[in-house]
Amino acid sequence: MYHIDIMTLFPDTVGDVLSESILGRAQERDILRIDTHQIRDYTLNKQKQVDDYPYGGGRGAVLQADPLYRCWDHIRGLYDKRPHTIFLSPCGKTFTQADAKRLAREYSHLILVCGHYEGIDQRFIDECVDEEISLGDFVLTGGEIAAMAVADAVCRLVPGVLSDAECFENESHWDGLLEHPQYSRPEVWHGRAVPPELLTGDHAKVERWRRKQSLLRTRERRPDLYEALDLSSKADQKLLAELERELSRPPLPQPLECRPAREDDLDAMEVILAQAKALLVPIGQWTGDYPARRDFQSDMALGACYVLTCGGRVGGFFTLSPRPEAGYDAITDGKWSSDEPYAVLHRCAVAEQWRGTGLADFMIAACGRLALERGIEWLRVDTHKKNKAMQGLIRRNGFQYRGNVRVDVPQPYDPRRVAYEKRLRQPAPDVKKALESGPSPLTSPHKMI
Ligand SMILES: C[S@@+](CC[C@H](N)C(=O)[O-])C[C@H]1O[C@@H](n2cnc3c(N)ncnc32)[C@H](O)[C@@H]1O
């Protein structure tokens with residue numbers, strides 16, 4: 001059992017806080033024992049006065065050495081071994097997770113001494129205190145909050161207090177990193193979507209995303225910690241190179257929206273189309289005069305063409321067709337995993353200046369939402385086998401390769417395409433309810449990020 005004794009003028013407050021929740025349950029299970037001691041109970045005067053004026057003058061009062069010593073000596077007498085004694089003080093060494101680990105590992109019994117007023121008599125510190133710990137570079141009224149913080153941080157590392165070591169080993173400061181951002185249900189809240197990597201169900205992908213976010217956060221918020229990290233592994237070097245590329249891009253203007261395309265978007269869409277063709281024509285995709293303005297117009301007439309806008313400007317487009325694709329039935333080298341209705345993602349591109357900013361991932365998420373809102377749970381897409389950028393995008397957004405299909409293209413172009421499929425996840429019940437009571441998403445601007 002790990003013991004902590006806290007010497008304080010406010011034992012009830014401290015005891016109440018430390019007997020709540022996880023630490024309370026650990027005490028009930030005899031993994032921990034936290035006792036508080038009223039310093040006043042160790043005075044020899046009737047008024048139970050524990051403080052007196054400071055020698056040399058000055059304002060305030062100082063906790064006297066004798067009641068402190070008598071209290072400390074009483075606690076020491078309860079144990080065979082002299083407990084490690086810590087005075088909480090703004091003059092101490094700043095507390096870190098490394099100290100919490102050390103105190104949990106090297107001791108099984110701590111005494112925490114809380115000062116008050118102007119502080120405590122130095123002679124008690126000299127005689128009884130093993131180390132002084134500060135909560136940070138600021139001054140509190142008393143040591144109680146600092147003692148509670150130290151006790152909490154140490155106790156949660158004691159084996160058995162948390163369900164398993166992974167609970168604290170993945171947290172900020174364990175290995176010099178800050179933790180990645182966390183998300184819980186619903187998948188979209190106030191128009192903010194959970195990062196798609198976390199929805200892939202692919203453990204390796206999720207871990208990679210988390211590590212990258214941790215590195216980014218630590219670098220931005222705590223350059224002192226970041227400097228001390230060993231990032232020489234191949235995997236970290238790859239992540240850092242990726243981060244470098246991402247950070248050197250201009251930020252994507254907000255808000256991001258997905259809405260049905262309009263006639264007055266066509267000029268901007270054609271500019272993006274030309275940029276995409278410059279990449280795709282050399283690999284044999286989007287050859288000849290396909291796609292063209294007239295394709296956008298016929299998609300628009302069917303209500304299937306959408307634009308992505310960033311800060312109000314068109315930054316990309318796509319077509320989401322709810323109609324089965326003729327060539328898909330003749331899939332070879334594999335098969336589709338379901339005969340259920342599906343939507344097909346066609347003719348999609350993002351503007352050159354927003355490539356790699358996450359706008360394309362936003363597009364895939366928007367497609368999924370639109371399909372689900374139409375009651376369709378499957379998305380299919382085909383692309384040229386040399387179109388690695390598209391395959392990377394869809395794979396990281398949860399699509400799986402299903403086989404090869406053929407598309408209608410004029411001679412002499414290669415009609416073969418690789419086919420991918422994704423099963424969409426129904427939104428959590430609260431999101432579904434909001435969607436059902438909201439305006440029709442197919443005719444109104446559809447905001448997601
Ligand atoms: C008002 S403070 C005394 C400050 C002291 N006169 C000084 O200037 O260093 C009273 C008590 O609060 C506690 N305390 C205040 N700031 C603290 C901090 N940053 N970390 C830990 N304990 C602190 C200490 O126990 C201290 O004795």
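Visitor: At what angle do helix H13 and helix H14 cross, and how far apart are their axes?
Guide: Helix H13 (residues 359-373) and helix H14 (residues 388-396) cross at roughly 55°, and their axes come within 10 Å. Helices here are DSSP runs of H or I with at least four residues, strands are runs of E with at least two, and both are numbered from the N terminus. Axes are lines fitted to C-alpha atoms, for helices over the stretch in contact, with angles from 0 to 180 degrees between N-to-C directions. A word on the source: this is a predicted model, in which local features need pLDDT of at least 70 and side-chain atom pairs count only at pLDDT 80 or more, while totals for chains, interfaces and linings use all residues. Residues are numbered from 1 along each chain as its sequence is written, and side-chain values use heavy atoms, with hydrogens and water left out.

Visitor: Why is H13 called oblique to H14?
Guide: Angles under 35 degrees count as roughly parallel, over 145 as roughly antiparallel, 65 to 115 as roughly perpendicular, and the rest as oblique. The crossing of roughly 55° therefore makes H13 oblique to H14.

Visitor: Which residues make that contact?
Guide: Ala360, Asp361, Met363 and Ile364 of H13 make it with Leu393, Ile394 and Arg396 of H14, where contact means heavy atoms within 4.5 Å. By class there are five nonpolar, no polar and two charged residues. Nonpolar covers Ala, Val, Leu, Ile, Met, Phe, Trp, Tyr, Cys and Pro; charged covers Asp, Glu, Lys and Arg; the others, Gly among them, are polar.

Visitor: What makes H4 and H6 roughly perpendicular?
Guide: The axes of H4 (residues 97-106) and H6 (residues 144-155) cross at roughly 65° and come within 8 Å, and H4 and H6 are therefore roughly perpendicular to each other. Ala100, Leu103 and Ala104 of H4 meet Val150, Ala153 and Val154 of H6. Those residues divide into six nonpolar, no polar and no charged.

Visitor: Is the crossing of H4 and H6 left-handed or right-handed?
Guide: It is right-handed. A crossing is right-handed if the near helix is turned clockwise from the far one by less than a right angle, and left-handed if anticlockwise.

Visitor: What makes H1 roughly parallel to H6?
Guide: H1 (residues 11-18) packs against H6 at about 25°, with the axes 10 Å apart; that makes H1 roughly parallel to H6. Val14, Val17 and Leu18 in H1 meet Glu144, Met148 and Ala151 in H6, giving five nonpolar, no polar and one charged residues.

Visitor: Now the ligand: how many residues surround it?
Guide: There are 21, and the closest are Leu88, Glu118, Leu135, Phe138 and Leu140. To be counted, a residue needs one of its heavy atoms within 4 Å of the molecule.

Visitor: What is the distance from an oxygen atom of the ligand to a polar backbone atom of glycine 115?
Guide: That distance is 3.0 Å. A backbone N or O atom of glycine 143 lies 3.4 Å from a ligand oxygen, and for glycine 142 the value is 3.5 Å.

Notes:
A polar contact is a pair of N or O atoms within 3.5 Å; within protein, one must be able to donate a hydrogen and the other to accept it, and residues adjacent in sequence count only if both atoms are side-chain atoms.
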